[in-house]
Amino acid sequence: MHPRAVGSPASLRQANQRRVVAAVRQAGALTQAEIARRTGLSPATVSNVVRHLTGTGLLDVTVSEPGRRRTSTVRINRAAGVAIGVDFGHRHLRVAVGDLSYDVLAEESRPLPSDHTATDGIALAAELVDQLLVRVGCDRDRVIGVGLGLPAPIDRVTGHVGSASILPGWVGIPAADALGSRLGLPTLVDNDANLGALGEVIWGAGSGCTDLAYIKVSTGIGAGLLIDGRIHRGASGTAGEIGHTTIDEHGRVCQCGNRGCLETLAAGPFIVEMLRPSLGDDLTLARAVELACQGDAGCRRVIADAGRHIGVAVANLCNLINPERVVVGGDVAAAGELLLAPLREIVSRQAIPSAAADVTIVSGQLGDRAEVLGALALALRESQALGLADVS
């Protein structure tokens, strides 16, 4: 039997370690008795696990003696290591550093030209990583892993970036290998919508959910799908491409080659295109959203129409996977109820009644930080450095 086969002593020990670490991380600090109650493990098992993980440096135990009662408090050892999240967008780069307690220690962002190459982007990411590690006083050998997010489908077999629609300079690049080689660190890559879902579940509007859809509405439109507590990526990594749901089969041709995709009716470039004749060629998406919030009738109408179109796709999504929550993020989500109210109306009308009744549709809480925090969480959850993958 393989030493980590399901049901083996080694597998059981690792599962117990994950449960203890997850309980401590979620609470911040617990006594061993509290760990036993939360995990359902016996006090003896908890004691053995804590002793072992303290020896590895992952946990830290503080002993105090209030009165005559000796108390041991268990925490994640902040000195045990850090992880790094890197998020590339259409025109930006963000990097974050966090510790094993999921506390974010430092963040930084930089603008990027929309036609930047992967080589240029990776060079800037490496520069920001070095700056942030110096800022938090952390040596590179304490980094357990790097999570990388890109607004494109990632082939699960090859790791290559697909689709030239948003990041043309990255197509065909094995992104994780390229960044990992430059940094000299183990690196994982995922689609940015998947990471937005992960970020919102851990730090934001998806807290407590096991079945959730994160809809990112920005230059493109993508969905990150959390099913039974895990990100669903599909057979080749293209699950969640909700922006290419057909809304109007006689509509304009999309960059993917099909007609009437959701992105041709509701993504940022379409919103701006519709409004520039009346508001000027220098209009940006951020300004269109700002004007809508200030009461501009044209901007409000176009964003409401986008919400209705997105609602059609979300209604179909609710029928298929029955999420308990839909979190809407991305640049257009800053419009708040101007986008969400018509979106909810369509979902309530077009989703089957049980699916519509089950779902709550809300704005994301993390704003433009959702994807970089999700990349950070990816590195923390998946790193094998401590032999405790998926402890979250």
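This is a predicted model: local features need pLDDT of at least 70, side-chain atom pairs count only at pLDDT 80 or more; totals for chains, interfaces and linings use all residues.

Trainee: Okay, so is Ile221 buried or exposed?

Mentor: Ile221 has a relative accessible area of 2%, so it counts as buried.

Trainee: And where is Ile221 in the fold?

Mentor: Ile221 belongs to strand 10, which covers residues 221-227.

Trainee: What does Ile221 touch?

Mentor: Setting aside residues up to four places away in sequence, Ile221 touches Ile215, Lys216, Ile242, Gly243, Leu262, Glu263, Ala266, Ala267 and Ile310. As for Leu283, that residue is 62 residues from Ile221 along the chain, and their C-alpha atoms are separated by 20 Å.

Trainee: Switching to helices. How do helix 8 and helix 9 cross?

Mentor: The axes of helix 8 (residues 268-279) and helix 9 come within 9 Å and cross at roughly 70°. That makes the two helices roughly perpendicular, because angles of 65 to 115 degrees fall in that class.

Trainee: Which residues meet there?

Mentor: From helix 8 you have Gly268, Ile271, Val272, Leu275 and Leu279, and they meet Leu285, Ala288 and Leu291 of helix 9. By class, this contact has 7 nonpolar, 1 polar and no charged residues.

Trainee: What about the loop between helix 8 and helix 9, who sits there?

Mentor: Asp282 is found in that loop. With a relative accessible area of 67%, Asp282 is exposed. The C-alpha atoms of Asp282 and Val272 are separated by 9.6 Å, and the two are 10 residues apart along the chain.

Trainee: And on to helix 10: at what angle do helix 9 and helix 10 cross?

Mentor: Roughly 110°, with the axes coming within 7 Å. Helix 9 and helix 10 are therefore roughly perpendicular too. The contact brings Ala288, Val289, Leu291 and Ala292 of helix 9 up against Cys299, Arg300 and Ile303 of helix 10. By class that contact has 6 nonpolar, no polar and 1 charged residues.

Trainee: Now helix 11. What span should helix 11 have, going by its residues?

Mentor: At 1.5 Å a residue, the 14 residues of helix 11 (residues 337-350) should span 20 Å. The end C-alpha atoms are 19 Å apart, which agrees.

Trainee: Which residues of helix 11 are buried?

Mentor: Leu338, Leu339, Leu340, Pro342, Leu343, Ile346 and Val347. Those buried residues pack against helix 9 (285-293), helix 10 (297-321), strand 12 (325-329), helix 12 (353-358) and strand 13 (360-363).

Trainee: Last one. Where is Ala23, and what is it in contact with?

Mentor: Ala23 lies in helix 1, residues 9-27, and counts as buried at 8% relative accessibility. Apart from neighbours within four places in sequence, Ala23 is in contact with Leu30 and Thr39.

Technical notes. Residues are numbered from 1 along each chain as its sequence is written. Side-chain values use heavy atoms; hydrogens and water are left out. Helices (H or I, at least four residues) and strands (E, at least two) are DSSP runs, numbered from the N terminus. The expected span of a helix is 1.5 Å times one less than its number of residues. Buried means under 20% relative accessible area, exposed over 50%, partly exposed in between (1.4 Å probe, protein chains only). Contact means heavy atoms within 4.5 Å. Axes are lines fitted to C-alpha atoms, for helices over the stretch in contact, and angles run from 0 to 180 degrees between N-to-C directions. Angles under 35 degrees count as roughly parallel, over 145 as roughly antiparallel, 65 to 115 as roughly perpendicular and the rest as oblique. Ala, Val, Leu, Ile, Met, Phe, Trp, Tyr, Cys and Pro count as nonpolar, Asp, Glu, Lys and Arg as charged, and the others, Gly among them, as polar.
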